[in-house]
Amino acid sequence: MSDIDLACDVCIVGSGAGGAVLGHALTERGLSVVMLEEGGHYTSKDFDMREETAYARMYQDLGSRTTDDLAITLLQGKSVGGSTTVNWCTCFRMPDAVLTHWRDRFGVRTLTPGVLAPHFEALEAKLHIVQWPEALMNANNRVLWEGCGALGYQRELVRRNVHACQNLGYCGLGCPTDAKQSMNVTLIPEAVQKGMQLFPETRVEALEWTGRRVTKVHAHKLLRQAHGAQLKGPRMTIHPKVTAVCAGAVGSPLLLLRSGLSAQGQVGKRMFLHPTAVMMAHFDRPIHPHQGAPQSVTSHHFRERGTGRVGFFMETPPVHPLLAAVTLPGFGEVHQQTMTRLPYSNVLIALLADGFLPQEEGGTVALRRGDERPSLKYALLPEHWDAMREACKAMARVQFAAGAREVRSLHAVPVVMRSVSDIALLDQAPWEPLRVRVVSAHVMGGCAMGSVVNEQLRYKDLENLFVVDGSVFPTSLGVNPQLSIFGIARWAADPVREAVSHP
Amino acid sequence: MSETFNAFTRRSFLRKGIFGGAALALGSLGWMALRPTRPWPMPEALLRVLSPREYAVVMALASRMVPERQGFVSPGTMGVGVRFDATLSLLPMETAREVKRLLVLFDNALMSLWSGHARPFSQLAAEEQDRVLAHWRDSRLLFRRTGLEALRKLIIGSYYSDSRTWASVGYSGPPSRDGLIPNSGVER
């Protein structure tokens, strides 16, 4: 017997980009929706723009989630709104070429640019997704803009989901003015107003299923102790007609595995990360890379690098001191000296479009025996290291073209370059795990379309279980995934509703 | 160093990763583990997770990873060990347990043998400690690089999560909330 028992049309596990859009769309259609979210519910009043507060409250594992070998750091959100609450507002539609690849290689025929277009249009209007004006570009992004311009590299302004933005630069710590049109201030409050029941700080343990149907969702409330740790509280049991797992590309496969659902061993496979290389440059002029809209320029000049090679795209991150300190390699005086130069530093990132080569099987998400922590593995292939090296060289060229005095790689022993001719030093640098920093803020896959869910995003072996988030992508996207997840979640509302109406 | 020890550590760590390996228990095995950790004055705050010995290893590491120098407050003044302990208390119990074992392992004199010393890390002079850290960083063995990275992130993160570091790195801190007016954006 549980402390809380609820029946509903649809139980949604997770309130991020997938769950929130789906919950909103289903509530608008008149369905009763219960949404369960493991993280807390915070509003702009809680967002104090301090890193130590934000990472502890709103990021998975206090912002320190990593692969098992610690070689790749993964930034993932954990609160109402999921990663949309703390991301950097970058919006791209799912690229047509990716949909074509999925059709040809994985047989995904339902998702086409034409099918998704009306969903993207509606969401772009609703969430104020427009191009950020060049005049408001911060100095950090201007390095990428001007460097690409000088070199003739493709460059474009990013579209952002903001309304009345004050260009502060604290998007990653929660927007203090509600300008960011993240799910916690847009679709979730609207859905709640229309009847959706939201339960934050609620951890879903497992789905109970019989035959081909999920019958119960077992969860418990989390109780926060004075020093911040959480304990299990009252138990909850949801009795839904349909369940939608929207817990993200780590959380969703883990929940399926905890529920004994492995899709013949395919759950947790094909995890892709956009493995990301980082380069730092020092300038004579102030950059103040924490100030201003964090990500307003992108370059996809190297997205296609030829047969058998992994492409990449370049962007900028916001550079706040705590995240910079742990991301910069090394320790001691050298590390301290680099930190003192932050106000004059630019940082560029290059994100690898992984999952498109036949030999790329991706990483894995798995349970550990006797341990609640996920096991995350991702082996970088020679093709990835080739792309990392070339990406670092491209970023260095951009930084020098924009006037950098010195460029440094994020190797454990950094490669220091003082002119363009020094860039060749990167060819001699070690390209191995934990000898050079690799990060990721885009975890995708794990419940891939074609192997775990069908083309309607329904779990293949059950009639009333859907997975609706970035975990269903069979490859990475080659663009920031937020808007693509919004789009497929809005599209998926129809098959989910259909499953409620015609069980 | 015995071949048995070498083979066991490599096999276990590489297969399971530093946070999955029972090999962390090695930190408390072997006669060299009996060599004492250099004590460190205990903080006033009650430690939730770390033992006095583990706390001393954290402070020994912190004194080299974020050394006191002009413009940088000492890790002792900053309370790095207490923050490290507080962070561990929020992480899964299994992670905290592994970090504790890793600290003991790191200070095991056996580990210092790689860099030519037969004393625990905490007992070494500053220059010797820097050499040990460089050996872990540059090791051909992934488990040593992983182990160092785990401790490095926790210590550097504990240090820079204190706003007293902002002045050291030229960070003015977040803007005052008083000046923030909702719906008064600049983009339109």
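Colleague: Which is Met417(A), buried or exposed?

Modeller: This is a predicted model, in which local features need pLDDT of at least 70 and side-chain atom pairs pLDDT 80 or more, while totals for chains, interfaces and linings use all residues. Residues are numbered from 1 along each chain as written, chains are lettered from A and ligands numbered from 1 in written order, and side-chain values use heavy atoms, without hydrogens or water. Buried means under 20% relative accessible area, exposed over 50%, and partly exposed in between (1.4 Å probe, protein chains only). Met417(A) has a relative accessible area of 0%, so Met417(A) is buried.

Colleague: In which strand does Met417(A) lie?

Modeller: Beyond four places in sequence, Met417(A) is in contact (heavy atoms within 4.5 Å) with residues including Met279(A), Phe400(A) and Leu426(A). Strands are DSSP runs (E, at least two residues), numbered from the N terminus. The one that spans residues 416-417 of chain A and holds Met417(A) is E20.

Colleague: About how much area do chain A and chain B bury between them?

Modeller: In contact are 64 residues of chain A and 59 residues of chain B. Buried area is the accessible area (1.4 Å probe) lost on putting two parts together, summed over both. Carbon and sulfur atoms carry 60% of it, and the total is about 4900 Å².

Colleague: Which residue of chain B meets Arg437(A) in a salt bridge?

Modeller: A salt bridge puts a side-chain nitrogen of Lys or Arg within 4 Å of a carboxyl oxygen of Asp or Glu. Chain A and chain B have three between them. At 3.2 Å, N to O, the partner of Arg437(A) is Glu149(B).

Key: Helix = DSSP H or I, 4+ residues; strand = E, 2+ residues; numbered from the N terminus.
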